[in-house]
Amino acid sequence: MNIHDMNRRDFIKLLGATGAVSTLTACGLPTAAMAKAGGRVVVVGGGFGGATCASYLKRWGPDLNVTLVEKEAKYVTCPFSNKVIAGDMSIAEITHSYDGLKARGINVINGEVTGVDAAAKKVSLKGGQALSADALVLSPGISFEYGRVENDDKVAESMPHAWHAGPQTVLLRKQLEAMADGGVVLIVPPRKPFRCPPGPYERASLIAHYLKANKPKSRIVIVDSNPSHSKQKAFHAAWAHLYGLGEGKMIQWVSGDQGGPVVKIDPSTMTVEKEFGDKFKGDVINFIPHQKASALVMSAGLTNKDGWCDVDQGTFESKVAKSVYVLGDSCVAGAMPKSGHSANSQAKNCAAAIVAKMAGQSQPTPSYANTCYSLISPDFGISVAAVYQLKEGAIKKVSGGVTPPHPGENDRFYKNEAKYAKGWYKGITSDMFG
Amino acid sequence: MSVKRVVMMTGLSAGLVGALALSGTAHAGELNRGALLSAQCETCHGTDGTGAAPMPSINGMDVADMVDVMKAFASKEEKSTMMYRHAQGYSDEELKAVAEYLKGK
Ligand SMILES: Cc1cc2nc3c(=O)[nH]c(=O)nc-3n(C[C@H](O)[C@H](O)[C@H](O)COP(=O)(O)OP(=O)(O)OC[C@H]3O[C@@H](n4cnc5c(N)ncnc54)[C@H](O)[C@@H]3O)c2cc1C
């Protein structure tokens, strides 16, 4: 049968789905959605937010034209990069290709976006190419906010941040390997808010695991600018249990309340200085700069006075540009922390909103979740988890909590958390890239 | 023949495909409340809940069994390291929507 010969009855018979028939007869053809024929979505950034969003847009809107623009040829995950720093995994094991997304029919462009025209929903790429879209999704991650600590823009080589996974991760690993036994490692977390609130403390844990086995006279000092930190009780109990916690022990945490925030770093003397003059000397220093939304969304005029993007927390549409969506670390998402799991969860709500809008339907009620596993050692894990709902326009936590801090009494629990952390990694990366 | 294929044959738009999918017909591009809720589980349990070892698979389960085990996780009657914190976040109606969606995967 030729397409033109097929009448409406044949069409309905072929459908064989009464649900679909009643939709057609009750509502007629969705003319608003018809106007969007060939609807095109451009997603910028192929990380936790962007890769997930592209994948779910195609899954829920198979006939959408989805383009993903990513500046790197492959994606190296920050999650599990602390294991690479500790020598427990290779960088290859946390590196992912975009072949799976290409196979799903997503047009993946390896290129850097140099400009965003939010009003026109248009992006320009290095080399001159321009792409315009019916909806633009931006999930470009974070940028560093230099100038808040003296010399903070000059130390990427001497005091690697390793807060973008890749060459920085490998550099920090090499410095730890080269350090003599008895050396001091300083970890300097940024002020809140920053990507992955438990990240610096997981890093301290896994470096301690490496040092305990290989350089047991060495120490780690966390020179914090914050008065408290993520999963603090659970981390401290586990540190005391596995490594020793306090002055002269393997891990020492210096709170932001002790001597104030870090104000100066000096690569020539390898020192870190706090506001009230306390100085810390390190053999290896991991200085993590202050953070804000990616420079890309900043230059597009999408950020607020604090340097982050305000969005409708149900759809992730920017508060300042129609049909431009901002996800992940760059956006303000109520009670959700800046994590890969949060970005993945947000991306699914955003994809649902876009698909529904383009089909002229209403978006299913949003629903969100986050979990951050942290490894204290490769076989000892803790976590924080939450489920969220949209309430009065803001994402609010409705359940969740932190692993109970009773190390020693129930090691099996922590062993299982470490085991499931690996499952989490496998699950989320296959969900994004598979 | 899938809905999508028929629509393609008739030369209709992506918008209609979306509308059909949203009406709840079995379809690769199915989007409804159950799908969006289940997508929150899929982060850990793999796309369509097919598992990411050692994360168990949760697809194809009997609807009543799924709702029962989720409620048992929430009350801690069923021991878990992680699930109690997630299960406590969903209403009975939401759990049922999740169970119905994942049953078909
Ligand atoms: C050490 C560490 C450990 C972590 N561990 C965990 C964990 O265990 N669990 C967890 O949930 N989260 C973890 N995180 C946090 C997680 O990595 C981030 O929250 C997550 O990556 C945010 O996703 P995103 O999509 O916003 O940004 P990203 O994942 O950073 O993706 C942004 C992408 O955009 C691309 N991009 C940027 N600008 C451009 C441009 N102009 N043109 C083209 N492409 C561009 C980048 O190359 C990048 O690929 C960790 C972070 C760190 C640093």
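Tutor: One convention first: Ala, Val, Leu, Ile, Met, Phe, Trp, Tyr, Cys and Pro count as nonpolar, Asp, Glu, Lys and Arg as charged, and the others, Gly among them, as polar. With that in hand, and keeping in mind that this is a predicted model, the residues of the shell around the ligand divide into 12 nonpolar, 13 polar and 8 charged.

Student: How many residues surround the ligand, and which are the closest?

Tutor: There are 33 residues surrounding the ligand, and the closest are A:Glu70, A:Tyr75, A:Ser139, A:Arg195 and A:Asp329.

Student: What lies 2.5 Å from an oxygen atom of the ligand?

Tutor: That is a polar side-chain atom of A:Tyr75. The side chain of A:Arg195 also takes part, with an N or O atom 2.6 Å from an oxygen atom of the ligand. A:Lys71 contributes through its backbone instead, where an N or O atom lies 3.2 Å from a nitrogen atom of the ligand.

Student: What share of the ligand does the protein bury?

Tutor: The protein buries 94% of the 990 Å² that the ligand exposes when taken alone. The elements of chain A that give two or more residues to the shell are α4 (48–60), α5 (81–85) and α11 (340–358), and α11(A) gives the most, with 3 residues.

Student: Which domains does the shell draw on?

Tutor: It draws at least three residues from each of domain 1 (3–144 + 291–433) and domain 2 (167–287) of chain A.

Student: And how far apart are the centres of those two domains?

Tutor: The C-alpha centres of domain 1 and domain 2 of chain A lie 32 Å apart, and the contact between the domains takes 33 residues from domain 1 and 30 residues from domain 2.

Student: Switching to helix α9 of chain A, which of its residues are buried?

Tutor: In α9, which covers residues 232–242, the buried ones are A:Ala234, A:Phe235, A:His236, A:Ala238 and A:Trp239. What covers them includes α8 (199–214), β12 (219–223) and β13 (251–254), together with β22 (368–377), β23 (380–391) and β24 (394–402), again in chain A. After the helix comes A:Gly244, with a positive phi near 95°.

Student: Is A:His229 buried or exposed?

Tutor: A:His229, which sits in the loop between β12 and α9 of chain A, counts as buried because its relative accessible area is 7%, while the cut-off for buried is under 20%. Its side chain makes a polar contact of 2.9 Å with the side chain of A:His236. Leaving out residues up to four places away in sequence, A:His229 touches A:Lys192, A:Tyr201, A:Asp224, A:Phe235, A:His236, A:Trp239 and A:Trp253.

Student: What about A:Ala73, buried or exposed?

Tutor: A:Ala73 is exposed, since its relative accessible area is 55% and the cut-off for exposed is over 50%. Its place is in the loop between β2 (65–70) and β3 (75–76) of chain A. Apart from its neighbours within four places in sequence, A:Ala73 is in contact with A:Tyr98 and A:Asn110; the C-alpha atoms of A:Ala73 and A:Asn110 are 5.9 Å apart in space, although 37 residues separate them in sequence.

Student: Last topic: how many helices and strands does chain B have?

Tutor: Chain B has 6 helices and 0 strands, and buried residues make up 56% of its 105 residues. Its accessible surface comes to about 4,300 Å², with 53% of that belonging to carbon and sulfur atoms.

Conventions. Residues are numbered from 1 along each chain as its sequence is written. Chains are lettered from A and ligands numbered from 1 in the order in which they are written. This is a predicted model: local features need pLDDT of at least 70, side-chain atom pairs count only at pLDDT 80 or more; totals for chains, interfaces and linings use all residues. Side-chain values use heavy atoms; hydrogens and water are left out. A residue is near a molecule or strand if one of its heavy atoms lies within 4 Å of it. A polar contact is a pair of N or O atoms within 3.5 Å; within protein, one must be able to donate a hydrogen and the other to accept it, and residues adjacent in sequence count only if both atoms are side-chain atoms. Accessible areas come from the Shrake-Rupley method with a 1.4 Å probe; for residues, only the protein chains shown count as cover. Helices (H or I, at least four residues) and strands (E, at least two) are DSSP runs, numbered from the N terminus. Domain bounds come from an automatic or database domain assignment. Buried means under 20% relative accessible area, exposed over 50%, partly exposed in between (1.4 Å probe, protein chains only). Contact means heavy atoms within 4.5 Å.
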